[in-house]
Amino acid sequence: MKKRIMKFTFLLLSCLIIMSSVNVGADVNRPKAIANLVFKTNGGGVRPSYGLFIAQYLGDLGINVKIRVEEWTVFLGTVLATHNYDIGVIRLTGGGTDVRDVFTEVGSLNLFGIGNDIPYCNESQKMQENGLVITDLEERQQHYYTWQQLMMDKIIPFLPLFTFKSYSVHWSNVKGFDIRYGIINSLPYMWYDGSHFGQNSLDEYNMASDAIEDLNPLFTKASSDSFIWSMITERMLKFNVDDHPTKNGLINNWEQIDDFHYKFYLRDNVYWTPSYNISSRSISSEPLSDIPTNELMIGLKAGEYSDGSNMKITAKDAVFTLLAWANDLTTDTFGSNEWISDCYVDPVDELSFHIHIDRNPDTPELEQYIDFWYDLGLGVLPEFFLNSSNPAISYTNGGVKCVGLYPGIRSTPQWVSYSYSAFGPGKYMLDYHTINSIIVLERNPNWFGVGCIDGQSGMTPFVKKINLRVFGDSNSMLQEFKAGKLDYARMGSFPAERKQMENDPRFDVQSIQGGNLEFMFYNLRRPFIGGENNFQYLEDPDLVNYTKGIAVRKAINYAIDRYEINQVLHDGELTICHSTFYPSQAFYYYNDIIKYNYDLEAANKWLEAAGYTVREIENTGSSIFLAVAVVSLIYFARVSFYHKKK
């Protein structure tokens, strides 16, 4: 085995030397090529390997591909500024149906060179804009189905590749968890069925976390901070697995007054947990319930504090939350909630509030914005604690008047302390935090008890305490989980371990489609795949609605075997995608769209329809050698893992 490792090491080093000398799959001399394309991506992952596969596939069409791998910041500048490439690979993350930033001429993430001069692009932009004002969800769904078909049949700015899944694992005695809803929303439905190996208590739940940086959601950037915040707060609006709004959160009803005006109703008898200051607490501190009232934190509004039963959540908290997110004085998220043209508490009902919508505050006419529903999924903030009685006036990004927020408010003791001792109406309360060690949460005895999944009332989170263990590295976390000291772990970084656990009855492994899309993009402004070919329609009477550029891009899409790439590089575990939306956006994702499954005959047909003679080109030794290097590396990794297991 040692000799095998030495031989492979020599082979790999030789490959790397050649790769560096030809700029990672660089100039492959193919005199018979019908086109020469530049493929660009960033290094540090599998994307250069995607490039090698793509180069081999396009060689079957007589297309020569030169691969260029750049450092991430250089690559990002390339795709967003210089556009010095023909094709490339990148990943898109995020959510929502407003994708104009990606698929319109003025979009800041328009990697493709989309412009309204290109056939069908103007129609696409209008469809995207129209989709944002359709209020009927079923009609909107059909509208986006039609738009996706237009994009992938008549424009084809990219070839969707894969969606990466998220994986989690529990010990199998943990019941009731549903990865689609996540830990926080599953907690009232979970229970222990006996104990697992290494478990010390059935009153506690243990998982990993990063150290606290800033729990105030207006400033939070770390995902661990967002998770802890979600434990101690409640989202104003909750959603089901299809991303439809439900009435199971703080907002339990609403009505539409007109196309631009909605009224929302909050659940009654929901209270803020006590405004504990946990900054000096430790494992030896007295129970939270023993903290006297005079030690509770007092809000900016003089004398106001929460003892768990005196401060009810009302519409003023919801309005404050929405406006704080939209005011540059209180958030670093530029342009957030600018669609809110007005927001106020109902004059006769303290539990209801109004929102007026205008997607673009810079135009005189009102514009609809349907995706506002997702912006109502914010965790509610305590108005009594974070707003002031100062008469100062400021304005949101959408022009809404705010009273009480002023420059410097973020430096007040209340705002500073809330970043560490945050409190809310959620399922749990912060108990204590030991730096770089543990964050302990205690169950809120006054949680309002409505389950997110089905709206069932009278529910209680299943454990008294949640211990969030802080680890310096993911390997330490994995070892603690395997030792039974953690009940739950994310397994994205450990595919080999996770696959073993899938076949081990001691564990319950679940997966979910991630909110991401890896894709190969085209530069529609470059010759051959675009350029003048975008404006020359095909002569075939059955294909007169297609241009030569569309035909070339269809040919390339059909020539790439995504199934093989998935099998070789990812053991077939990724989801092959076909559209502009993610599969996780199930309600809008159009599964009956035109699909570019590997079909070399179809590829040849479209290339010939574009007027190009198809002929297979010869690969040079360097190109083949690079492909062998990648495949060998993958094979060696698997062999090493196999021998390690034995």
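**Close-up 1. Lining of the largest cavity.** The residues lining the largest cavity divide into seven nonpolar, one polar and four charged. Ala, Val, Leu, Ile, Met, Phe, Trp, Tyr, Cys and Pro count as nonpolar, Asp, Glu, Lys and Arg as charged, and the others, Gly among them, as polar. This is a predicted model: local features need pLDDT of at least 70, side-chain atom pairs count only at pLDDT 80 or more, and totals for chains, interfaces and linings use all residues. Residues are numbered from 1 along each chain as its sequence is written, and side-chain values use heavy atoms, with hydrogens and water left out. The volume of the largest cavity is about 90 Å³. Its lining includes L137, R140, D242, D243, H244 and W373. Helices α6 (137-155) and α10 (372-375) each supply at least two lining residues. A cavity is a set of points on a 1 Å grid over the protein atoms alone where a 1.4 Å probe fits but cannot get out; lining residues have an atom within 4 Å of a point. Points are joined across faces, edges and corners, and a volume is the space filled by probe spheres set on them. Helices (H or I, at least four residues) and strands (E, at least two) are DSSP runs, numbered from the N terminus.

**Close-up 2. The second largest cavity.** This cavity has a volume of about 60 Å³. Nine nonpolar and three polar residues line it, with no charged ones. Strand β17 (residues 428-434) gives the largest share, three residues. Among the lining residues are I232, T273, Y276, F423 and M429.

Close-up 3. A602, A603, W606 and L607 are the buried residues of α17. They cover an arc of only 135° around the axis, so they sit on the same side of α17. The arc is that of the directions from the helix axis to the C-beta atoms. On the other side, E601 and E608 are exposed. Buried means under 20% relative accessible area, exposed over 50%, partly exposed in between (1.4 Å probe, protein chains only). The buried residues of α17 pack against α15 (548-559), with contact meaning heavy atoms within 4.5 Å.

**Close-up 4. Positive phi in two loops.** Most residues other than glycine have a negative phi. N269 has a positive phi of about 60°. N269 lies in the loop between β12 (261-266) and α9 (315-326). N436, with phi near 60°, lies in the loop between β17 and β18 (438-443).

How values were computed:
On a 1 Å grid over the protein atoms alone, a cavity is a set of points where a 1.4 Å probe fits but cannot get out, and a pocket is an open set with protein on both sides within 12 Å along at least five of seven lines; lining residues have an atom within 4 Å of a point.
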